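Keep the structure open as you read.

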Amino acid sequence: MDYKGYDEEEELENPWNTEGTRRIKRIFKAIFYSISFVVYAVLFFIFFTSCEPGMFDKMFFTEKTREFARQNPEAIQIYKIRPKDFMNYDGSIELAHIYYAKNTEELEVGVKYNLKKLTDGKVEGALVYILEDSDGNFYTTVSEVYDSNRRYGYARVTFSSVNIDLTQNSYYKYNEISDYDSFRRVQSSLTASGGDENDGGSSYYLYIFKYDSFIKRDYVNIDKNGRLQIDYAALKAELEENEYAVLSKHEIYNNNTVIYLEDYQYDD
C-alpha cells in the first residue's frame with residue numbers, strides 16, 4: 001500500500017487557501033466567539049440579578065429581640081409560621097419566612113412584591129403594612145428591611161407587642177403533648193379541620209396598602225418625624241365596608257396554622 005503524505009505544493013495550489021480566505025475565517029471565528037461570550041454574559045446577568053436576595057430568609061427583628069438572644073441564647077424561642085394564605089390573587093405579592101419571637105412578642109414577615117405591577121420600580125416606602133388581630137387591635141411596623149432584584153422588591157417587616165397565645169395552637173399542642181390519648185385527639189382534630197378552621201381562636205391579618213394612595217385618606221396623617229398617624233376606628237370601618245380598600249389581605253395566623261420551632265440566627 002502506497003502512503004500518500006502531505007503535499008505542500010498541492011496545499012499551496014488550493015484556490016481556497018488564500019490569505020483573504022484565512023482572514024475571513026478568522027473574522028467569522030472572532031464573531032462566533034464574541035456572540036457566544038455575549039449570550040453567556042446575558043444569561044449569567046439574568047440569573048444572578050433574578051436570584052432571591054440573602055436577606056429575605058434572615059431574622060432581623062429589633063434590638064429588643066437581638067439583645068434577649070445575646071443574653072439568653074438557650075432560652076430564645078423562635079417559631080416559624082406557615083400560613084396557607086401566602087399569596088394574593090394575581091401573584092404580585094407573596095409572603096414567606098414568617099417568624100415569631102415568643103419571648104419578646106415580635107412578629108416578622110417577609111414580603112415579596114412585583115415592582116412593575118405594584119410600585120413602578122420603587123422599593124422602599126412603596127407599601128404600608130398593618131397587622132390586625134381578631135380582637136380588633138392594630139399594629140404598625142417597628143422595623144423594615146429592604147432589598148430587590150430586577151423584578152421583585154423584598155421587605156422584612158417587624159411588628160412588636162404581638163401576644164400570640166401559642167398554647168392554643170393545634171400544632172403546638174401536637175408537639176407538646178406526651179400521652180397517647182391526647183396525641184390521637186389532636187391528630188384527629190387536625191385531620192378533620194384540614195388546618196383551615198380556627199375554632200373561634202385568635203387570628204392575625206396582614207393588610208398591605210400602596211403608600212401613595214394610603215396617605216391621602218382622611219384618617220391618615222404624617223407627623224414631623226415622617227411616621228403615619230392613623231385613626232384605626234376609621235380604618236376598620238373602611239375595611240368592613242369596602243373589601244377593595246386594601247391592596248392585599250392575608251390571614252397569617254390562626255390556631256390551626258402550621259408552626260414549628262426554628263433556630264435563632266442573626267448576623268451582626
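E63 has a relative accessibility of 40%, so it counts as partly exposed; buried means under 20% relative accessible area, exposed over 50%, and partly exposed in between, with a 1.4 Å probe and protein chains only. R70 is partly exposed too, at 39%. These two residues form a salt bridge, with their closest N and O atoms 2.1 Å apart. The term requires a side-chain nitrogen of Lys or Arg within 4 Å of a carboxyl oxygen of Asp or Glu. A network of salt bridges links E63, R66, E67 and R70.

The model is predicted: local features need pLDDT of at least 70, side-chain atom pairs count only at pLDDT 80 or more, and totals for chains, interfaces and linings use all residues. Residues are numbered from 1 along each chain as its sequence is written, and side-chain values use heavy atoms, leaving out hydrogens and water.

The structure holds eight salt bridges. One of them joins E132 to K236, with the closest N and O atoms 2.9 Å apart. E132 sits in strand β4 and K236 in helix α8, so the pair ties together parts 104 residues apart in sequence. Helices (H or I, at least four residues) and strands (E, at least two) are DSSP runs, numbered from the N terminus. E132 is buried, at 6% relative accessible area, whereas K236 is partly exposed at 31%.

Now the sheet. It is open, with nine strands in the order β10-β7-β4-β5-β6-β3-β2-β1-β11 and antiparallel pairing. Strands pair if DSSP finds at least two bridges between them. β10 (248-253) and β11 (258-262) are the edges; each has a single partner strand, so one side of each lacks a neighbour in the sheet. From one strand to the next, the twist averages 25°. Axes are lines fitted to C-alpha atoms, for helices over the stretch in contact, and angles run from 0 to 180 degrees between N-to-C directions.

β4 (residues 127-133) and β7 (residues 204-210) pair over seven bridges. D133 has Y204 as its bridge partner in β7. Helix α8 (residues 232-241) packs on the sheet, touching β4, β5 (138-148) and β7, and its direction makes about 75° with that of β5. Contact here means heavy atoms within 4.5 Å.

Last, the backbone. Most residues other than glycine have a negative phi. D120 has a positive phi of about 55° although it is not a glycine. D120 lies in the loop between α4 (115-119) and β4, and is exposed at 76% relative accessible area.
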